[in-house]
Structures are given as structure tokens and as C-alpha cells.
Amino acid sequence: MKGNSMLAKGRFLPLLVWVAGLLIVWEALSWVLLNVVHTPLAQSKLPYVHELVATLFQYAGALLKEGAATFGNAAIGFLLGAAAGVLLAVLMSVSKTIEQLTFPYAVASQMIPILGLAPIIYGIVRDEQISRIIISGYITFFPVSLNMLRGLRSVNLSALELMHSYAAKPWAVYWKLRLPAALPGLFSGLKIAAPLAVTGAILVELMGAQHGIGVIMLRNLYYGPSHTYMFWSTIVVGALLGMASYGLMSLIERLVAPWQPEFRPKGGSR
């Protein structure tokens with residue numbers, strides 16, 4: 001237990017030092033821009049950290065409410081996109097024909113700029129919730145499908161031949177061999193897609209939604225310098241939502257696939 005505690009401290013201490021150093025440099029640069037360089041609208045470009053923190057606490061209720069709306073819709077789209085990506089990956093691994101028919105279109109779909117697709121979807125659907133779900137699912141689908149397919153095909157050939165020598169049925173091969181081998185690849189795709197799904201939901205909200213962190217962001221951007229700190233607060237909340245989604249996927253990965261090398265203790269504890 002003591003060894004695990006020391007390992008955890010050794011892992012998080014550099015991160016805390018890095019974050020603290022970044023905030024100190026940020027505060028110092030903000031002071032320099034305002035008092036030394038006399039940059040016009042300096043606080044709009046780089047606001048004081050302590051003022052930003054005060055704004056976050058002052059409007060915590062509104063930010064949490066709107067952030068929850070963004071995160072909830074992004075989560076639904078993420079789950080639907082992930083499910084579709086996993087299903088397509090399994091089908092492509094089963095049939096080369098299905099892969100040849102679908103994979104080029106999946107790749108081509110990613111060539112459409114999301115900044116251009118979001119207003120099109122919103123204009124067609126005219127529903128902010130459904131639009132956020134569609135865009136979040138669209139962003140999630142491809143990285144999950146690609147990484148899952150790669151994982152399904154990363155099975156050790158000797159293990160596959162052993163399963164066939166025991167006359168294992170195809171479903172048994174997938175359940176006991178291919179799917180466990182694909183979990184690292186699957187979670188790689190999920191960790192890539194989760195923050196992007198949040199970004200996609202915020203982007204739709206900028207198109208004219210009624211609720212969500214992107215709505216507050218857009219309103220305070222238009223209000224000008226008097227609402228600088230509220231605008232920056234929405235940026236911080238959006239970043240925290242993306243980090244939370246990534247952390248959640250990392251936690252689930254640790255619980256579902258704990259055998260991976262990065263989750264093993266690097267040294268024995270006494």
C-alpha cells in the first residue's frame with residue numbers, strides 16, 4: 001500500500017508542479033501586458049488568473065448548468081458514435097467485402113470540415129439537442145472504428161491457430177480472443193474521440209442554440225471587454241469538460257483492461 005501511495009505521488013507531483021508553474025507564468029505575463037507593455041485591451045488577450053478564478057466561483061451555478069447540458073448531449077452522441085464504430089469494425093473484420101465497400105466512404109466522410117458540417121446539420125434538423133448528438137457521434141465514429149479494427153487484427157497468430165485447433169466457433173474466437181485483444185485499440189480511439197465530441201457539441205451551440213456552454217461563450221464574446229472574464233471562464237469550463245471525458249475513458253480502461261503494461265506496477269511494494 002505504501003509503495004502504491006508513493007507511486008501515485010510520484011506520478012501526480014510533476015503534473016501539479018507544471019500546472020502551478022504555468023499559472024504563475026500566465027499571471028506574470030498578464031501583469032506585464034497591462035502595466036509594462038500597456039497593450040490595448042490586455043485583459044481580453046490574457047486575463048489575470050486570480051480574477052478568472054473569482055469569476056468561475058461567482059458564476060459556478062450557471063456554468064455548471066450549461067456545462068451539464070453540453071456534456072450530456074456530447075455523451076449521448078459519443079455513445080451512439082462509439083457503438084456504430086465498434087459495430088462497423090467488427091463487420092469489417094469478419095468480411096473483406098464489407099470493408100472494401102464501407103471503409104472508403106468512412107474515410108471520405110472525415111474529409112468534410114466539421115466547421116462547415118455543423119451549420120448544415122443544424123440548418124436541416126433545426127433542433128439543438130439532436131444536432132449536438134449527431135455531430136458528436138459523427139466525430140466519434142471514425143477514430144473508434146479505425147482503432148477497433150486495428151485491434152481486432154492484432155491477434156497473435158499462434159493463439160488464433162490454437163483456438164482453431166480446438167474447433168472453436170467464430171463467436172467464441174471473437175469473444176475470448178479478438179475482443180480482449182482489441183480493447184487497447186478501442187480505448188485509444190475512445191480517448192481520442194471523447195474530448196472531440198465535447199468540442200463538436202460546443203461548436204453546434206455556437207450556431208444559435210439556447211442552452212450549453214457554447215451559448216454563454218458566444219454571448220460574452222459579443223458583449224466585448226466588459227465580459228472578458230466570463231468569456232474566458234467558458235473556455236476553461238469547455239477545456240475541463242474535455243479533460244473530464246478523457247479521464248473518464250482512462251478510468252474505464254483501467255477497470256476493463258487492467259492487464260496492459262502501463263497499468264502494471266513498475267516495482268514490487270513491500
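View 1. The model is predicted: local features need pLDDT of at least 70, side-chain atom pairs count only at pLDDT 80 or more, and totals for chains, interfaces and linings use all residues. Residues are numbered from 1 along each chain as its sequence is written, and side-chain values use heavy atoms, with hydrogens and water left out. Residues 130-149 are 100% helix and 0% strand, with end C-alpha atoms 28 Å apart. For residues 186-209 the figures are 83% helix, 0% strand and 32 Å. Helices (H or I, at least four residues) and strands (E, at least two) are DSSP runs, numbered from the N terminus.

View 2. Take a look at α6, residues 114-125: its twelve residues reach 16 Å from first C-alpha to last, close to the 16 Å expected at 1.5 Å a residue (1.5 Å times one less than the number of residues). Leu117, Ala118, Ile121 and Tyr122 are its buried residues (under 20% relative accessible area; exposed is over 50%, partly exposed in between; 1.4 Å probe, protein chains only). Seen down the axis of α6, they fall within an arc of 130 degrees, so they line one face of the helix; the arc is that of the directions from the helix axis to the C-beta atoms. Exposed Leu115 and Ile124 sit on the face turned away from the buried side.

View 3. Arginine 126 is exposed, with a relative accessible area of 59%.
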